[in-house]
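Dear colleague,

Please find below the structure that I am handing over to you. My notes on it follow directly after.

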Amino acid sequence: MKDLLLITPPFTQLNTPYPATAYLKGFLNTKNICSFQMDLGIEVILELFSKDGLAKVFEGVSDVSALSENSSRIFAMRDEYVNTIDQVILFLQNSNPTLARQICTMNFLPEAFRFNQLDDLEYAFGNMGLQDKAKHLATLYLEDLSDYIVENIDPDFGFSRYAERIGQSANSFDELYAKLQDAPTFTDHFTLKILQEKIEAVKPKLVCFSVPFPGNLYSAFRAAKFIRQYYPHIKTAMGGGFPNTELRELKDARVFEFFDFITLDDGELPVELLHAQVCGENHDSEPELKRTFLLKNGELVYLNNSPRPDYKMAFTGTPDYSDLLLERYISVIEVANPMHSLWSDGRWNKLTMAHGCYWGKCTFCDISLDYIKTYEPVSAKILVDRMETLISETEESCFHFVDEAAPPALMREVALEILRRKLVVTWWTNIRFEKSFTGDLCYLLKLSGCIAVSGGLEVASDRLLKLIDKGVSVEQVAKVTRNFTEAGIMVHSYLMYGYPTQTIQESVDSLEMVRQLFEMGIVQSGFWHQFAMTAHSPVGQNPEEFGVRPIIADIQFANNDVQFTDSTGIDHSRFSAGLKKSLFNYMHGINFDIPLREWFGFKIPNTTISPNYIHDCLVQEENFIFKGNSKVVFSIKNFVSEYFIKTKKGNSTSFTQLTFHLKTNIVKIELETEKADWLTKIIGEYSIENARKTTLAELKNSFEMEFEDFELFWFSKPIQKLKQNGIILQL
């Protein structure tokens, strides 16, 4: 028996658990509160996409003659799907890797409509990408089955969302409430069967649903209704990203026909207090709660009467992934793009470097809400301690830092701590493209295991970036993405269109900027989304300042996305297909020479951007600026010294050749022996393994105690060679 059952309802990700319940369980461990967690979504997927599950799918069609051409083909091959599904799922769970050879014969998997869009596999994956190629084919196979389910069995189904439309912009609870009065859907039957089995096994007193997205909302309510009906003694609560952003103005008491509590913002203290109320000895007393909606005497109330402050990040504990079926998640590759695959391929331990956003100014962002505005970083030592704990517990050394924007200074310290401890890890995160990401910092991050970053370029227009208060320019983004790319770190860029007052000309020019970024090879992946005005952003709170007029709605349930009219009167949705089609080509490294107008089915103006704009931004500036307060570390400690004598015009001088063996090359420099000895001593004292870092000014003082003109030495060809190869890092 456990006091708490923590549930992520269907559906989020196929390849790795959404981290909210793991974060919460890790915190509860520090309070000795017994809990059990489950990802209900992956368990439903595994039941549905099995031999027995697919048999039920195909039994669910009563009128075969009414099927579409695609569905008819899938139905005709139903035995092939049923016979292959278990082996394909095992392969995608990395339990049957040799099946890749069979899949890649192109005569093993049944093929329907999705395979008509198949990329040139040799071009996309190369001759050696056998596993990735097979994952892509197996993904198309699953998507064909998903199309069949959506068309004929359950129109609300989706691999990473369920009944998402009902949860989006649901100002009224009416539609969701009405759907919950209907009989459970085909997918619901799988969900409720698994839920019942878990409740019988765990016997919780309180079930907490983490609802991160609109696509989890309906399933959470359906599961809560089931618990209320069959286990009325169990209390239920909902928290997570959806209520945090959408339900802050909740007024409809019918919600509490399903849930007993809804909590907002950080969940640690609210859940601890709920546990005390539901499971403790004082459950009959006046509740002390934190940011919690509930019914009291039949009235909807919001209680925030606890004087206790929220826990600091350092005291929330290490995320705990136990109970979750880590070995049974499935890796898929939807698009033949290495950066895109990070979201869907492989298992990632998820951590957060800092609560909130250190920038916190972007005008489209929910910067008035706690998850953005309350910035609190965790120390590098604690973060790497948590990484080591998770490696031990999960046997996985891959990490996704799920920050709003990871702070560059903290990323530097985390990288140094990883290298000091000689950890071999792989990690990626979300960033702002700010100038702090120098070439040297990017190289340090790469050395520590960073393989990719994602960041918001948004609208590639300096006027609009200023209006957004992004704090970057297109030129700066180009230089930063160049630095990451040259260090061997992949770059994904979030792109936006339809921002208030954006003109058609600016949309065209923004696409041209993006085209050049991809053509130069400094951005490898991207995604366009249309601007959405949220109630908690500066645009939503002060729309008149941005030339938009909100369409006022009666808010009884959810309030986040706000419908609006733009003063420009432009229908930006017209650009969607052309932007996405062009980006798909650019991500594959093709068709950069196609005129922009060819991507759209309507007339657009010519771009005003020079065809060499991004190239000119990247012209190397002279890097001979002396910054005395910059930190200096040496990335390699061991090297070979060889002494020799040079004779010139009768004068003999002692020189030393220093040979550095890097992973992919050998670097040799020659220095006068006395200066080589000084450098050897400095490298030993300030290698990455040492916690203490020196500054350039301190090096200057040390050098000039023995020699003259440190700047001449520091900018000499041998030292520049060490810098260019990442042996000397100036941070």
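**Salt bridges and helix packing**

Lys 479 and Glu 475 both belong to helix α20 (residues 474-486), where they stand four residues apart, and about one helical turn therefore separates them. Please note that the model is a predicted one. The two side chains form a salt bridge, with 3.1 Å between the closest N and O atoms. An α-helix has 3.6 residues a turn, so residues three or four places apart point the same way. Lys 479 is partly exposed, at 23% relative accessibility, and Glu 475 is likewise partly exposed, at 34%.

Salt bridges that share partners also build a network, which joins Lys 381, Asp 385, Glu 388, Glu 417, Arg 420 and Arg 421. In total, the structure contains 36 salt bridges. Two others are described here.

Asp 265 has a relative accessible area of 12% and is buried, because the cut-off for a buried residue is under 20%. Arg 248, at 26%, counts as partly exposed.

The second pairs Lys 422 with Glu 689, whose closest N and O atoms are 2.8 Å apart. Lys 422 lies in the loop between α17 (408-420) and β12 (426-431), and Glu 689 lies in the loop between α25 (673-685) and β22 (694-695); the pair therefore ties together parts that are 267 residues apart in sequence. Lys 422 is exposed, with a relative accessible area of 58%, whereas Glu 689 is partly exposed, with 36%.

I turn next to the helices. Two packed helices are described by the angle between their axes and the distance between the axes.

Helix α2 (residues 40-48) and helix α11 (residues 186-202) have axes that come within 9 Å and cross at roughly 120°. This angle makes α2 oblique to α11, and the crossing is right-handed. On the α2 side, the contact is made by Leu 40, Glu 43, Val 44, Glu 47 and Leu 48. The residues of α11 that take part include Phe 186, Phe 190, Ile 194 and Lys 198. Helix α2 is mostly covered, with eight of its nine residues buried; among them are Gly 41, Ile 42, Ile 45 and Leu 46. Besides α11, the buried residues of α2 pack against β1 (4-8), β2 (35-39), α3 (51-59), α5 (78-92) and α8 (130-152).

Helix α21 (residues 504-519) and helix α23 (residues 576-587) form another pair, with axes that come within 10 Å and cross at roughly 10°. The two helices are therefore roughly parallel to each other, and α21 passes α23 in a right-handed crossing. Leu 511, Val 514, Arg 515 and Phe 518 of α21 meet Leu 579, Ser 582, Leu 583, Tyr 586 and Met 587 of α23.

Finally, helix α12 (residues 214-230) has 17 residues and spans 26 Å from its first C-alpha to its last, close to the expected 24 Å. Helix α12 is mostly covered, as 13 of its 17 residues are buried.

With kind regards

Definitions and conventions:
Residues are numbered from 1 along each chain as its sequence is written. This is a predicted model: local features need pLDDT of at least 70, side-chain atom pairs count only at pLDDT 80 or more; totals for chains, interfaces and linings use all residues. Side-chain values use heavy atoms; hydrogens and water are left out. A salt bridge is a side-chain nitrogen of Lys or Arg within 4 Å of a carboxyl oxygen of Asp or Glu. Buried means under 20% relative accessible area, exposed over 50%, partly exposed in between (1.4 Å probe, protein chains only). The expected span of a helix is 1.5 Å times one less than its number of residues. Axes are lines fitted to C-alpha atoms, for helices over the stretch in contact, and angles run from 0 to 180 degrees between N-to-C directions. Angles under 35 degrees count as roughly parallel, over 145 as roughly antiparallel, 65 to 115 as roughly perpendicular and the rest as oblique. A crossing is left-handed if the near helix is turned anticlockwise from the far one by less than a right angle, and right-handed if clockwise. Contact means heavy atoms within 4.5 Å.
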